[in-house]
Amino acid sequence: MSEQLISHTRAVFDETFGEAPAIVVQAPGRVNLIGEHTDYNDGLVLPCALDYRTVIAARERDDRIVHIVAADYDNAVDEYSLDEPIERLEAPMWANYVRGVVDVLQKRGLPLRGMDMVISGDVPQGAGLSSSASLSVAVCTLFATLPGFEGLSPIDLALIAQESENDFVGCKCGNMDQIISATGLANHAVMIDCRSLETQPVPVPSGASIMIFHSHVERGLVDSEYNTRRQQCETAARHFGVKALRDVDMALLEERGGELDPMVLRRARHVVTENARVAAAVDALRAGDLARMGELMAASHVSMRDDFEITVPLIDQLVDIVKGVIKTTGGVRMTGGGFGGCVVALVPDDQVEHVTAAVERAYRGPKGELATIYVCRAARGAGRLPA
Ligand code: GAF
């Protein structure tokens, strides 16, 4: 965990409020190894929490005011009373992520108190690595330190964060990003059953590195296209007479899929096959079989490209460059909501340098920029830090 980030957040708190914070919490961003657009279909996902986080330094106040300083935005301030209705702002968006959580907690009747906080983070923004989920989960984690919140589990906190993003911020995301931020484990991916909310730790094989490549393709269409994909999946589920595409298997897809609009059929096929790939990926990782994991990641990418149609040419190119180096020794695919953002690879440690060199040589983003490359280990989820 970045000690620099934590000490910077503390120092800004000290300068602003004239004393050390009483509470410090953190929540990480995430990368998804496999299982894309399955979460809102009640399906399976296999993400890791990252060692990039939102950190909040805070103290309780004697009154009902929430006062927030955004250290990464020139110490911009948001302040409001817990006794007034919480309004959604046109801007800045960071303020809405905090307001949204406060609003949901209030509506659930949880005993909030006034709070002074300083927020800072190092999750790359706009890359599709869940900087916003890490902020929402960090805010939940902070309030969960108050008396009266003891009964809330990490999954409860994640669902509060998701509800605030869905209903207050207005982003119709699924539950993966918040659950992995709340439940991540060092050196493990976590298989989340997005229907039952059960989580299973799955070790990342020792000797394998998680590499993330930010394409610098802006995820411009992501909101509208994301919502369209959700609707298409719902249409398909209705056609099959099931609650969600989680309930459709290949046999049913083949038997009754032909009656669907061909595009909706392709969307459904992605979800059905992707759920099966997540289950297979869990076995592959447990067996330390990076070659099998590589096949599954490759098939996931093809399915996102051809059936779900959420990749873009520069992302496909980036995947091909990495695959050209790792061949069958690891795996690579686009990760996240799509239409730009990042590619994730699981590669043997001794390939990291070759892959880095190949991407630096062959990839240029839309403005001629290099990909930004992160070599990561799976990290622990949200929690309190020593104050
Ligand atoms: C985004 C969403 F926020 C997640 O809920 C998930 O649907 C993902 O896209 C696609 O797998 O990150």
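Trainee: Where is Asn175 found?

Mentor: Before anything else, please keep in mind that this is a predicted model. The two elements to look for are helix H4, covering residues 154–169, and helix H5, covering residues 176–183. Asn175 is found in the loop between H4 and H5.

Trainee: Is Asn175 buried or exposed?

Mentor: Leaving aside residues up to four places away in sequence, Asn175 touches Asp39, Ala158, Leu159, Gln162 and Cys194. A residue counts as buried if 20 or more other C-beta atoms lie within 10 Å of its own. Because Asn175 has 24 C-beta neighbours inside 10 Å, it counts as buried.

Trainee: At what angle do H4 and H5 pack?

Mentor: In general, two packed helices are described by the angle between their axes and the distance between the axes. For H4 and H5 the axes are 8 Å apart, and the crossing is right-handed. The contact is made by Pro154, Ile155, Leu157, Ala158, Ala161 and Gln162 of H4 together with Gln178, Ile179, Ser181, Ala182 and Thr183 of H5. The angle at which H4 and H5 pack is about 145°.

Trainee: How many residues of the contact of H4 with H5 are nonpolar?

Mentor: In this contact no residue is charged, while four residues, counted as polar, belong to it as well. The number of nonpolar residues in the contact of H4 with H5 is seven.

Trainee: How many residues of the shell around the ligand are charged?

Mentor: The ligand is surrounded by Asn32, Glu36, His37, Asp39, Tyr40, Cys173, Gly174, Met176, Asp177, Gly336 and Gly337. With three nonpolar and five polar residues set aside, the number of charged residues is three.

Trainee: Is Ser130 buried or exposed?

Mentor: Ser130 lies in the loop between strand S5 (115–121) and helix H3 (131–143), and it has a positive phi of about 65° although it is not a glycine. Because 31 other C-beta atoms lie within 10 Å of it, Ser130 is buried.

Trainee: And what does Glu309 count as, by its C-beta neighbours?

Mentor: Glu309 is placed in the loop between H9 and H10, and its phi, near 50°, is positive in a residue other than glycine. Because Glu309 has 16 C-beta neighbours inside 10 Å, it counts as partly exposed.

Note on methods. Residues numbered from 1 in each chain as written. Predicted model: local features only at pLDDT ≥ 70, side-chain atom pairs only at ≥ 80, totals over all residues. Near = placed C-beta within 6 Å. Nonpolar A, V, L, I, M, F, W, Y, C, P; charged D, E, K, R; others polar. Axes fitted to C-alpha atoms, helices over the stretch in contact; angles between N-to-C directions. Helix = DSSP H or I, 4+ residues; strand = E, 2+ residues; numbered from the N terminus. Left-handed = near helix turned anticlockwise from the far one by under 90°. Contact = placed C-beta atoms within 7 Å. Buried ≥ 20, exposed ≤ 12 C-beta atoms within 10 Å, placed from the backbone.
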